[in-house]
Amino acid sequence: MGDRAGPEPTVSVRQDLRLLEAAGAHRDGASVRQLAQEAELPEPTARRLLHELTRDGYLHELDDGAFTLRERAPLRHAVVDGQALREHVRPLLASLRDSLSAAAYLPLYDEGEIRVLEIVDSPHAPRVDLWVGFHEAGHATALGKSVLRELDEEARAGYLSRHSPAGLTPRTITSREELLRQLDSAPAGPLSLDRGCPGCAWPDDTKGLHLDICENGIKHVTWEMTRKRVGRDFFAAHSVTELSGWSDYDLENQGRLTEPMAYDPASDHYVPISWKDAFEVVGAALRGLDSPHRAAYYTSGRLGNEATFLYQLMARELGTNNLPDCSNMCHEASGRALQASLGTGKGTVDLKDWESADALFILGVNAASNAPRMLTALAEADRRGAQIVHVNPLVEAAATRTIVPHDFTDMALFRATRTSTLNLQPRIGGDMALLRGMAKAVLERSASDPKALDVTFIERHTTGFEEYRALCEATTWEELEHQSGLSRADILRAAQVYGEADRSIVSWCLGLTQHEHGVDTVREIVNLLLLRGNLGREGAGPSPVRGHSNVQGNRTCGIDHRPTDAFLDRLAEACRIDPPREHGLDTVRTIQAMRDGEVTVFVGMGGNFALAAPDTPATYAALRSCDLTVQVSTKLNRSHVVHGRAALILPCLGRTEKDHQRKGVQSTSVEDSMSMVHLSVGMKRPASPHLLSEPAIVAGMARAALPDSETPWDWYIEDYDRIRDTMAEALDGFEDFNRRVRLPLGFRIKQPARELVFLTPSGRAEFSAAALPDVVPGAGTLALGTMRSHDQWNTTVYSDNDRYRGIKNLRTLVFMNRADMRERGIPDLGPVDITSTAKDGSERFLNGYTAIPYDIPRGCAAGYMPEMNVLCALGDYSTQSDQPIMKHVKVTIVPAAG
């Protein structure tokens with residue numbers, strides 16, 4: 001692998017944390033020397049820190065000089081006075097303060113009293129000046145009620161027995177019964193959102209855990225809940241040309257959009273337009289097309305199920321399946337692979353399976369930043385003794401240890417839990433060779449161990465096994481080592497974990513899918529699972545990690561440019577339309593069609609298409625070639641300043657906001673990564689009285705574009721239950737939708753493959769027998785993968801920091817292996833020029849980037865999207881999935897010229 005070095009994460013790898021973790025592993029105490037060795041610290045440093053931790057109440061020094069963790073005695077001291085916890089949460093509180101323009105507080109319930117551990121305020125966001133203490137005013141303040149709401153019945157009763165609800169103001173609740181009623185009826189959790197975080201798609205906890213939250217989820221919600229506004233005065237003051245020169249951070253940081261705007265080419269400004277006129281602009285453009293296929297309807301993963309269903313219904317009633325979506329760039333490979341192998345485009349496991357698996361294999365996932373709530377499941381798995389194997393070219397923070405945010409004791413003591421038992425670093429694109437090597441090892445072991453394979457399962461439920469066995473036997477260990485970048489010993493270690501586990505889950509994300517061979521790699525995952533019957537039983541199966549909150553629901557509810565005949569038949573019967581049967585355009589082909597003048601109207605439902613897509617200059621040029629671009633958005637972004645000859649900005653409600661319609665406040669549903677569907681109800685006042693909901697915007701466009709439509713668009717918007725009733729008729733698995741979605745945890749869409757029913761041509765699970773791809777870079781070339789920073793969600797960048805990778809105030813960087821840097825004469829932090837070479841031989845450039853030495857395999861490099869999207873050519877997409885190859889860009893990197 002060569003030399004590896006890199007900046008250590010600035011939070012998770014701290015000296016005091018290492019010592020506390022080491023001490024926690026020795027109930028009877030451990031010596032200074034032993035703890036220093038385990039924490040990888042010099043002994044003098046360890047001795048000094050151990051005495052400081054003892055003085056502060058975290059450790060206890062025994063008579064023989066050994067140190068042990070103090071279990072309970074110092075908890076109050078640690079919680080109330082612990083500087084470590086304050087340092088841990090202060091950046092998050094500051095983010096909340098800045099996003100909401102209000103002081104942020106961290107309250108807790110400590111020894112029967114409500115206390116405020118930390119307050120982060122500013123001159124522009126002052127703290128509340130209470131004339132009584134919080135311990136007296138718990139019943140009278142929102143902060144106190146937020147704590148009381150989280151207590152169980154016994155703890156609440158104890159608090160109220162000590163603090164009678166006194167009448168502190170004329171509006172203070174003094175009735176204990178009324179206070180308890182309000183506490184029980186208020187929305188659970190610390191955020192004004194009833195399920196359905198608009199961030200990642202990790203499932204909600206099934207046991208009623210109220211603090212099942214994460215830093216990035218809070219950032220996402222508060223970014224949406226900002227008090228900053230972008231209205232007509234802003235657009236009058238700034239031309240589009242001026243805004244085009246602003247950074248993406250500055251654009252989004254202006255705040256929430258407040259009213260519909262239309263681009264005026266004469267002045268180069270956006271100007272106000274009424275909703276009626278905006279809808280007529282869209283309707284006239286769509287009615288005027290000589291073919292319905294000259295329009296494309298893009299969907300971001302934030303769109304709820306009801307709006308999704310109406311959106312695809314509008315497109316198909318207009319006569320096209322041009323429904324590109326963000327999944328075309330992310331998990332298209334997963335859906336196609338699982339459909340081919342198992343007859344379903346989704347994973348088969350749920351959270352209960354994660355809780356009972358003996359082994360978890362996490363491939364190509366940076367959970368700490370992309371699915372932070374997964375860390376809870378990983379920490380719990382470690383505690384129960386499960387094996388956790390992380391596979392990633394970079395050893396990310398989530399692959400080491402975590403502090404679960406709702407475990408107050410661990411937070412107070414800054415005590416981390418392991419989240420891995422084995423970390424493997426294959427070369428970029430080498431995962432398939434690793435999986436093939438694990439399968440080869442299992443098959444070799446079966447020659448002497450009859451339990452290595454589940455022969456009964458294979459015979460009853462699969463086809464293609466013998467061909468796959470022969471393929472594994474014919475693949476040499478030398479080739480597997482060469483392509484994976486791992487040693488045979490490393491591969492065998494992973495295979496041993498898999499072979500010794502009775503129940504295994506394999507989970508993966510974009511690190512596996514954004515490659516030429518993404519479909520083959522995901523099918524190789526299924527091959528490995530089938531060998532030992534890890535399907536159709538508790539604690540086992542495939543588990544793709546979806547990135548956005550409802551990207552899976554979008555596909556389920558009809559956003560698919562390649563719909564099946566069965567889907568279209570049910571849609572036709574339920575909605576009384578004649579949907580088109582011809583396949584439509586995906587994301588890449590939509591860009592190509594706009595560039596070539598074949599698509600002239602582009603409608604973007606959420607997201608930031610201009611930045612999310614590959615080959616940034618080509619995408620910009622394609623959007624600017626359109627006659628009309630329409631963006632349905634909550635905040636200003638790059639897609640509003642890279643637009644067609646005519647352009648509309650249609651501002652919508654956020655997920656956190658109340659959606660008032662004729663029949664009352666409405667709810668929308670979402671589907672998580674594990675096929676659970678539940679309702680999401682906003683609780684905040686809308687950012688502007690001029691905002692419309694996404695379903696209402698879709699209905700408005702549809703009415704204008706389809707004046708003779710028999711679809712009851714207005715009737716649907718009055719009450720979303722009516723949309724759900726139609727969805728129950730049209731969508732497989734949504735039967736009795738309105739009742740089931742209101743169950744406490746919603747409902748799970750049936751997964752036939754979980755019941756060993758395989759909707760494949762053979763009626764069985766199908767082994768694949770794909771040849772290993774050659775992923776080894778040529779001489780002088782590196783394989784570059786794009787990724788997100790920690791302080792980023794998709795194309796939204798909250799800051800230029802990436803603290804888990806040790807980066808501050810820098811995004812124009814490239815992570816490299818130090819040996820690769822030395823070979824090219826690149827010093828640490830030296831400026832470099834990056835050149836990518838596309839399949840067609842064309843080149844793309846990024847100059848003046850900073851090279852960061854990092855723990856990454858030789859021949860590999862990594863950097864941030866969307867800045868590096870420019871390096872991925874529009875034509876460089878997978879022939880298997882049609883996904884842009886964002887994780888395997890061929891580049892050369894040299895010292896910067898001049």
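**Entry 1: a word to settle, then Leu829**

I call a residue exposed when its relative accessible area is over 50%, buried when that area is under 20%, and partly exposed in between. I keep in mind that this is a predicted model. With that settled, I looked up Leu829, which counts as exposed because its relative accessible area is 57%. Leu829 sits in the loop between helix H37 (818-823) and strand E32 (831-837).

**Entry 2: Leu756**

I noted a positive phi of about 65° at Leu756, again a residue that is not a glycine. I found Leu756 in the loop between strand E26 (747-748) and strand E27 (765-766). Is Leu756 buried, partly exposed or exposed? Its relative accessibility is 25%, so I wrote down partly exposed.

**Entry 3: a cis bond**

Next I checked the peptide bond that joins Met865 and Pro866, and it is cis, with omega about 5°. Pro866 belongs to the loop between strand E34 (860-864) and strand E35 (889-895). I wrote a reminder beside these first entries: most peptide bonds are trans, and most residues other than glycine have a negative phi.

**Entry 4: salt bridges**

How many salt bridges does the structure hold? I read off 44. I picked a few to follow.

Glu259 pairs with Arg232, and their closest N and O atoms are 2.7 Å apart. Glu259 is in the loop between strands E7 (256-257) and E8 (261-264), while Arg232 is in helix H10 (residues 232-237), so this pair ties together parts that are 27 residues apart in sequence. Glu259 counts as buried, at 12% relative accessibility, whereas Arg232 is partly exposed at 45%.

Arg638 and Asp248 form another salt bridge, with 2.8 Å between the closest N and O atoms. Why does this pair tie together parts that are 390 residues apart in sequence? Because Arg638 lies in helix H32 (residues 638-641) and Asp248 in helix H12 (residues 248-252). Arg638 is buried at 8% relative accessibility, and Asp248 is partly exposed at 27%.

Arg645 meets Asp627 in a salt bridge of 2.7 Å, N to O. Arg645 is in the loop between H32 and strand E21 (646-651), and Asp627 is in the loop between helix H31 (616-624) and strand E20 (628-633), so the parts they tie together are 18 residues apart in sequence. Asp627 is partly exposed, with a relative accessible area of 39%.

**Entry 5: a network**

Last, I looked up which residues are linked in a network of salt bridges. I listed Asp325, Glu332, Arg336, Arg555, Asp586, Arg589 and Asp882.

Technical notes: Residues are numbered from 1 along each chain as its sequence is written. This is a predicted model: local features need pLDDT of at least 70, side-chain atom pairs count only at pLDDT 80 or more; totals for chains, interfaces and linings use all residues. Side-chain values use heavy atoms; hydrogens and water are left out. Helices (H or I, at least four residues) and strands (E, at least two) are DSSP runs, numbered from the N terminus. Buried means under 20% relative accessible area, exposed over 50%, partly exposed in between (1.4 Å probe, protein chains only). A salt bridge is a side-chain nitrogen of Lys or Arg within 4 Å of a carboxyl oxygen of Asp or Glu.
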